[in-house]
Amino acid sequence: MGGNIRCDQVFGLRIYAQTADKLKRAIKSRGKIYGTTGNIGEKAIKVAVICVRGRPDEVYLMKTGIHGILIKAEHLGFEYEKGIKVLEDISFTAKEGESIGIIGANGIGKSTLMKLMVGLYTDYQGVLEIAGHRVEKKNLNHIREHIGYVFQDSDSQLFMSTVEDDVAFGPRNYGLSDDEVEQRVVKALQAVHITELRKKKTYQLSGGEKKLASIATILAMNPDIIIMDEPSVALDPRNRKNLIKILKEIKALKLITSHDLDFIRDTCVRTILIDDGRIIADGDTDTILRDRELLESHGM
Ligand SMILES: Nc1ncnc2c1ncn2[C@@H]1O[C@H](COP(=O)(O)OP(=O)(O)OP(=O)(O)O)[C@@H](O)[C@H]1O
Ligand SMILES: [Mg+2]
């Protein structure tokens, strides 16, 4: 009892605590919780704790991470307008650390599938679970805590007036300290090479700069699941290459849609081909992308 708990002890605690409630009690019984980030959910799949290691003025952020199947879709169907099915019967699971390309012709529902995963529409048919949470209105806070989503259209992504405010928005909202927010912003802007655009008004950015700023907003959140809808569109060859490098280094589960099949080949180990609202092929990226006949017969 008493004293400040160390970050490495929190790891130990997570192993033994079956539920978030028990974890919270366990930490409290040993010392002070300096602040928790996000919600501590029922299942303690992911708990982020700001705690003190050694000196009381040294504050660290610690994330325990989530494991196993992070996305589960079973017979997922969706229609924007009654009777016009966009997605008919989509079933797949995705595990931590996987990199999955989602490909298919224009208008077959790739963006729709991604929007469903972040809960932009919840009136779907079938099962859709993210990090163990069913995608429904009451779970959206938990779900969005885990997912970073880069929209196909950057204008839907950027909503603050300057680049730095946009990149800082997520971490700030997550309850991080000013110092931590600043570190996240600096690192994310550096990663996509747009440090010099930090003070720039988002509406003044070029198309490619908007895309890079959107990607920075996601990197700053350090999410467990990254969903990117056409991330390479509008990027010049140098920025495209840099993005490939960044994505290869990120350990999160990644789902990437792109018509840039070389980009998919460079960033995704697994590929899912969609047509007619269904999964046509799901497997090794090289095998699927080498099958010209398969791709051509599905509008690729
Ligand atoms: N808000 C909406 N209301 C009605 N229909 C929509 C809406 N958004 C998309 N659709 C329709 O749903 C279908 C799937 O669109 P979606 O944007 O998911 O396709 P996509 O596979 O991402 O295409 P692209 O490769 O062009 O990005 C299209 O026929 C589109 O017209
Ligand atoms: Mg799309």
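This is a predicted model: local features need pLDDT of at least 70, side-chain atom pairs count only at pLDDT 80 or more; totals for chains, interfaces and linings use all residues.
Me: Which residue is the bridge partner of E79 in strand 5?

Reply: K85. Elsewhere on strand 5, A94 is the bridge partner of I71.

Me: What sits between strand 4 and strand 5?

Reply: A turn with 2 residues between the strands, which form a hairpin. G83 is in that turn, with a positive phi of about 90°.

Me: How does strand 4 pair with strand 7, parallel or antiparallel?

Reply: Antiparallel, over 5 bridges. Strand 7 covers residues 125-130. In that pairing, A73 stands opposite L128.

Me: Switching to the ligand. Which residues surround ligand 1?

Reply: Y80, E81, V86, G104, N106, G107, I108, G109, K110, S111, T112 and Q152. Strand 4 and helix 3, residues 110-117, are the elements that give two or more residues to that shell.

Me: Which element gives the most?

Reply: Helix 3, with 3 residues.

Me: And the shell by class, how many nonpolar, polar and charged?

Reply: 3 nonpolar, 7 polar and 2 charged residues.

Me: Stay on helix 3. Why is it largely enclosed by the rest of the structure?

Reply: Because 6 of its 8 residues are buried. The cut-off for buried is 20 or more other C-beta atoms within 10 Å of the residue's own. The buried residues of helix 3 are K110, T112, L113, M114, L116 and M117. K110 and T112 also belong to the shell around ligand 1.

Me: What comes just after helix 3?

Reply: G119, which takes a positive phi of about 80°.

Me: M117 is on that buried list. Which residues have the most contacts inside the largest nonpolar core?

Reply: M117, A216 and I227. That core has 67 residues. Helix 8, residues 207-219, supplies the largest share of the core, 6 residues.

Me: What does A216 touch, leaving aside neighbours within four places in sequence?

Reply: A216 is in contact with V167, A188, L189, A191, V192 and I194.

Me: V167 is in helix 6, then. Which residues of helix 6 are buried?

Reply: Helix 6 spans residues 163-173. Its buried residues are V163, E164, D166, V167, A168, G170 and P171.

Me: What covers them?

Reply: The cover includes helix 7, residues 178-191, and helix 8.

Me: Which residue just after helix 6 takes a positive phi?

Reply: G175, at about 90°.

Me: Zoom out. How many helices and strands are in the protein?

Reply: 12 helices and 13 strands.

Me: What percentage of the residues count as buried?

Reply: 39% of the 300 residues.

Me: Last one. What share of contacts with a separation of 6 or more is between residues 24 or more positions apart?

Reply: Such residues account for 62% of those contacts.

Methods. Residues are numbered from 1 along each chain as its sequence is written. Chains are lettered from A and ligands numbered from 1 in the order in which they are written. Two strands pair if DSSP finds at least two bridges between them. Helices (H or I, at least four residues) and strands (E, at least two) are DSSP runs, numbered from the N terminus. A residue is near a molecule or strand if its C-beta atom, placed from the backbone, lies within 6 Å of it. Ala, Val, Leu, Ile, Met, Phe, Trp, Tyr, Cys and Pro count as nonpolar, Asp, Glu, Lys and Arg as charged, and the others, Gly among them, as polar. A residue is buried if 20 or more other C-beta atoms lie within 10 Å of its own, exposed if 12 or fewer, and partly exposed in between; C-beta atoms are placed from the backbone. A nonpolar core is a set of buried Ala, Val, Leu, Ile, Met, Phe, Trp, Tyr and Cys residues joined through C-beta atoms within 7 Å. Two residues are in contact if their C-beta atoms, placed from the backbone, lie within 7 Å.
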